Amino acid sequence: MKPSLDPFTVLMDLQTGALDPTVETVERRLSDMKGMYQVEPDGDDQVIYRVLLIPVPERNSEIQCSTTILEPGVVGDEYYMTKGHFHQVRDRSEVYIGLAGEGLLVMATEQGDHAVEPIQPGTVNYVPGGWAHRSVNTGTEPLVFFAAYVGDAGHDYGTIETRGFPVVVLRGASGPRVVPNPRYRR
Ligand code: S6P
Ligand code: ZN
């Protein structure tokens with residue numbers, strides 16, 4: 001087989017998640033999160049996370065890589081979080097490596113099972129195929145992680161926008177609380 005890509009190297013800052021070169025950045029603001037928090041955000045429409053991408057062709061012979069920088073903060077009592085998604089091709093898996101900050105990785109199946117795992121410097125989270133995933137910043141510093149996933153996975157945001165996750169992560173007096181999501185639609 002004749003390879004169709006040439007090898008390359010990207011420099012990743014292990015504290016900030018910055019990539020050099022920065023090829024493509026996705027920014028998500030509070031206004032992109034409509035209907036996802038228990039209460040609607042008010043105030044400044046700030047950027048709550050950035051995804052820095054190392055794009056490669058979207059085919060299953062390649063591995064997509066990115067870093068995510070999720071700011072600290074709350075909407076009501078709910079910590080800042082990513083939108084969360086299933087992969088469009090449901091059985092495509094993913095690995096997260098925690099770089100900085102502290103947070104939780106909330107995962108759910110279409111059948112309504114859920115799992116919650118820590119993200120912190122050095123964690124390697126394995127997200128098997130069929131599990132939707134959302135990261136939540138439960139700390140006071142940016143939560144930064146590296147992600148690698150099967151090249152043709154794609155992203156299905158609509159299912160989570162409609163159904164939500166079975167649990168939400170709230171700020172409690174003695175730390176984060178994972179509680180059932182009253183708005184979850186089975
Ligand atoms: C992609 C991977 C991450 C997320 C990123 C933002 O499969 O899971 O790179 O895209 O953390 O989350 P979201 O849910 O807005 O794509
Ligand atoms: Zn993913």
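Predicted model: local features only at pLDDT ≥ 70, side-chain atom pairs only at ≥ 80, totals over all residues.

I started with H133, which is buried at a relative accessible area of 1%. By buried I mean under 20% relative accessible area, with exposed over 50% and partly exposed in between (1.4 Å probe, protein chains only). H85 also counts as buried, at 9% relative accessibility.

Residues are numbered from 1 along each chain as its sequence is written, chains are lettered from A and ligands numbered from 1 in the order in which they are written, and side-chain values use heavy atoms, with hydrogens and water left out.

Next, what coordinates the zinc ion (ligand 2)? I found H85 (NE2), H87 (NE2), E94 (OE) and H133 (NE2), at 2.1 to 2.3 Å. Donors here are N, O and S atoms within 2.8 Å of the metal (3.2 Å for Na, K and Ca); water is not among the atoms, so sites may look incomplete. Along the sequence, the donor residues follow H-x1-H-x6-E-x38-H. H85 sits in the loop between β7 (78-79) and β8 (94-100) and H133 in strand β12, so the pair ties together parts 48 residues apart in sequence. Strands (E, at least two residues) are DSSP runs, numbered from the N terminus.

Then I checked a proline: the peptide bond from D20 to P21 is cis, with omega near 5 degrees. P21 is in the loop between β2 (19-20) and β3 (24-29).

How values were computed:
Helix = DSSP H or I, 4+ residues; strand = E, 2+ residues; numbered from the N terminus.
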